[in-house]
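Trainee: Hi! Could you walk me through this structure when you have a minute?
Mentor: Happy to, let's open it up.

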Amino acid sequence: MNSVSADQLKSFGDDADADPICNKSIIFPNRVASLANSFEKKDRSWYVKSQIPTDLSIQVDDITFKAHKFPLISKCGYMSSTELKPSTSENGYHLKLENFPGGADTFETILKFCYNLPLDLSPLNVAPLRCASEFLYMTEEFEAGNLISKTEAFITFVVLASWRDTLTVLRSCANLSPWAENLQIVRRCCDLLAWKACNDNNIPEDVVERNDRCLYSDIATLGIDHFMRVITTMKARRARPEIIGKIIMKYAENFLPIIDDDLEGIRGYGFGKNELQFSVNRERREESSSLGCQEHKETIESLVSVLPPQSGAVSCHFLLRMLKTAIVYSASPALISDLEKRVGMALEDANVCDLLIPNFKNEDQHKEASSPEVYTIYNVDVVLRIFEYFLMHEQQQVLGKPSITKLLDNYLAEIAKDPCLPITKFQVLAEMLPENAWKCHDGLYRAIDMFLKTHPSLSEHDRRRLCKTMNCEKLSLDACLHAAQNDRLPLRTIVQINTQVLFSEQVKMRMMMQDKLLEKKEEISEGREDKQMSRDNEIKTLKEELEIVKKKMAELQNDYNELQQEYEKLSSKQKSTHNWGLRWQKVKKSFQIKREDNETRDGARRRSSTGPRTSFRRRMSMS
């Protein structure tokens with residue numbers, strides 16, 4: 001069919017009595033639209049309820065729509081430029097729309113719009129309608145306020161004003177490629193979500209743990225393509241690394257299976273040797289899982305590619321979980337190496353459970369394997385490389401970091417329970433850190449003892465070689481006492497530990513003797529201090545008594561001066577000698593009485609004092 005312009009369609013519509021045939025097309029008058037006011041579905045077909053019979057059959061997917069040609073041609077440029085083929089089964093024309101955006105549901109809405117029925121736009125259907133209207137070329141050239149302009153205005157002024165509606169539209173674009181990309185719907189939605197995430201001040205601290213709806217947890221529910229677009233835009237806008245990291249961790253929690261590392265030992269025998277039978281989370285085994293192995297692999301590679309390089313952006317636990325999943329799904333060696341380096345730089349925050357990485361082997365690897373080393377429970381080689389990256393990052397400066405030595409001790413104790421673990425790998429791991437990194441070798445001794453217990457068939461040479469990794473001088477006394485009675489250790493090591501025990505006992509006895517000497521010295525010094533205090537108190541008492549005597553001598557001197565003055569007065573008046581003699585005797589008598597009182601007090605003090613006392617003169621000389 002040749003194209004028909006909009007002006008020609010309008011002129012034909014104005015003539016109500018005409019029934020023209022123009023370019024092999026029947027043009028119906030405008031009143032047809034008012035007659036078709038509802039649709040009816042029968043089996044897999046939709047019918048327009050109208051008094052005028054339909055002349056056009058349109059197939060979208062497996063649904064057939066019976067409609068009139070004129071309402072569609074008046075609004076859809078695609079219909080006017082497409083050659084319609086006559087229907088072989090019935091009267092009218094037939095058209096099949098291949099790869100129609102949005103499918104049959106979207107075309108049903110467009111068909112109602114063409115018949116001027118009410119149009120209900122929402123965030124759920126606006127993106128499919130926008131893409132479908134572009135497919136059908138429903139521009140303003142054919143009718144003012146056509147579907148392209150309506151949907152575009154709704155997206156610009158309604159959808160992009162709300163991040164929740166934007167997320168809804170972005171999710172609806174998952175099956176609209178490449179139309180949604182070409183129409184910039186995906187780009188506009190991703191830009192708005194990234195801008196909102198970068199400028200939102202109400203950032204929850206527990207994005208990974210919380211289940212309620214928020215911007216960050218909702219971003220983590222998008223498809224991987226749209227999620228990558230949002231994260232890439234956020235990084236371009238220099239969003240905070242910890243926010244990007246939390247969103248990525250939430251996304252991995254939503255879409256990646258959790259490796260079941262609760263291994264419960266060796267639970268069966270596989271293709272010949274002891275084989276670890278561990279499971280991936282039920283999500284991988286269930287048929288209802290929406291992602292296959294290849295999709296999981298692509299998801300892991302995509303998430304690792306956008307991880308922030310800053311330390312602390314994601315937890316070490318998350319990195320090790322991603323590493324386990326990447327190994328299970330056979331990710332690229334470059335990606336696994338990148339994860340190992342990241343774990344090595346954050347190794348201080350790891351725990352021993354995270355480092356227990358299952359030694360996953362697929363069926364082909366089991367058939368090729370011939371040595372028993374490949375059937376170890378845990379992948380020790382990965383942990384060995386992680387510690388190497390840690391030492392490279394720290395430049396051998398592991399002093400003052402007891403958490404690393406404790407982590408290695410605990411890991412060695414766990415892998416020592418594996419009966420298939422070769423002694424070489426255990427020894428290489430035990431000698432990984434420099435000797436000065438350990439302050440105590442009790443944890444290393446516990447791991448070696450566990451390894452010897454699990455491997456009772458080791459030769460004496462292997463036992464001595466293994467025990468050389470342990471410094472007996474760094475064992476505590478309790479560990480030495482335990483090792484001295486341990487029959488699993490080689491004889492040379494037991495003799496060395498016994499010597500160490502004897503030496504420790506000697507040091508302990510010497511310390512006890514020194515403590516006793518110090519106690520005696522303290523007691524002697526305390527006795528000397530007591531004697532010195534008693535002497536000081538005695539001297540103080542004598543000084544007080546001397547002050548009292550000085551005061552009394554001063555009083556007597558004043559009495560004598562007064563008597564001397566009276567005597568001079570009597571001499572000047574030339575009193576009789578008899579009267580003067582009487583007064584002098586009186587004064588002399590009073591003086592004698594005072595002296596006797598003083599001597600009586602001194603004698604009483606001497607009798608009351610304990611022990612022999614020195615004479616008054618000796619006291620004076622001492623003072």
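Trainee: Great. What should I know about the model before I start?
Mentor: This is a predicted model, so local features need pLDDT of at least 70 and side-chain atom pairs count only at pLDDT 80 or more, while totals for chains, interfaces and linings use all residues. Residues are numbered from 1 along each chain as its sequence is written, and side-chain values use heavy atoms, with hydrogens and water left out.

Trainee: How many helices and strands does the chain have?
Mentor: The chain has 28 helices and 8 strands. Both are DSSP runs numbered from the N terminus: helices are H or I with at least four residues, strands are E with at least two.

Trainee: And how much of the chain is buried?
Mentor: Of the 623 residues, 43% are buried. Buried means under 20% relative accessible area, exposed means over 50%, and partly exposed is in between, with a 1.4 Å probe and protein chains only. The accessible surface of the chain is about 36200 Å², and 49% of that belongs to carbon and sulfur atoms. That area comes from the Shrake-Rupley method with a 1.4 Å probe.

Trainee: What share of the contacts join residues at least 24 apart?
Mentor: Among contacts between residues at least 6 apart in sequence, 66% do. A contact here means heavy atoms within 4.5 Å.

Trainee: Switching to cysteines: how many disulfides are there?
Mentor: The search of the whole structure gives 0 disulfides, where a disulfide is a pair of cysteine sulfur atoms within 2.5 Å.

Trainee: OK, now charges. How many salt bridges are there?
Mentor: There are 15 salt bridges in the structure. The cut-off is a side-chain nitrogen of Lys or Arg within 4 Å of a carboxyl oxygen of Asp or Glu.

Trainee: Which residue pairs with Lys112?
Mentor: Glu108 does, with the closest N and O atoms 3.4 Å apart. Both residues are in helix α5 (residues 103-114), 4 residues apart, which is about one turn of the helix. In general, an α-helix has 3.6 residues a turn, so residues three or four places apart point the same way. Lys112 is partly exposed at 29% relative accessibility, whereas Glu108 is buried at 15%.

Trainee: Which pair links distant parts of the chain?
Mentor: Take Arg130 and Glu152, whose closest N and O atoms are 2.7 Å apart. Arg130 is in helix α6 (residues 126-136) and Glu152 is in helix α7 (residues 147-157), so this pair links distant parts of the chain, 22 residues apart. Arg130 is buried at 8% relative accessibility, and Glu152 is partly exposed at 23%.

Trainee: Which residues are networked with Arg130?
Mentor: Arg130, Glu134, Glu152 and Arg188 are linked in a network of salt bridges.

Trainee: Arg188 is in α10, I think. What does that helix look like?
Mentor: Helix α10 (residues 185-199) has 15 residues and reaches 21 Å from its first C-alpha to its last, close to the expected 21 Å. The expected span is 1.5 Å times one less than the number of residues. Its buried residues include Arg188, Cys189 and Leu193. The helices that the buried residues of α10 pack against include α6, α7 and α12 (224-236).

Trainee: And α12 itself?
Mentor: α12 has 13 residues and spans 18 Å between its first and last C-alpha, close to the 18 Å expected. Among its buried residues are His226, Phe227 and Met234. These buried residues pack against α8, α10, α11, α13 (241-255) and α15 (293-305). After α12 comes Arg238, whose phi is positive, near 60 degrees.

Trainee: Last one: what does the side chain of Ser80 sit beside?
Mentor: A polar atom of the Ser80 side chain is 2.9 Å from the backbone oxygen of Gly77. Ser80 is in helix α4 (residues 77-81) and is buried at 4% relative accessibility.

Conventions. A polar contact is a pair of N or O atoms within 3.5 Å; within protein, one must be able to donate a hydrogen and the other to accept it, and residues adjacent in sequence count only if both atoms are side-chain atoms.
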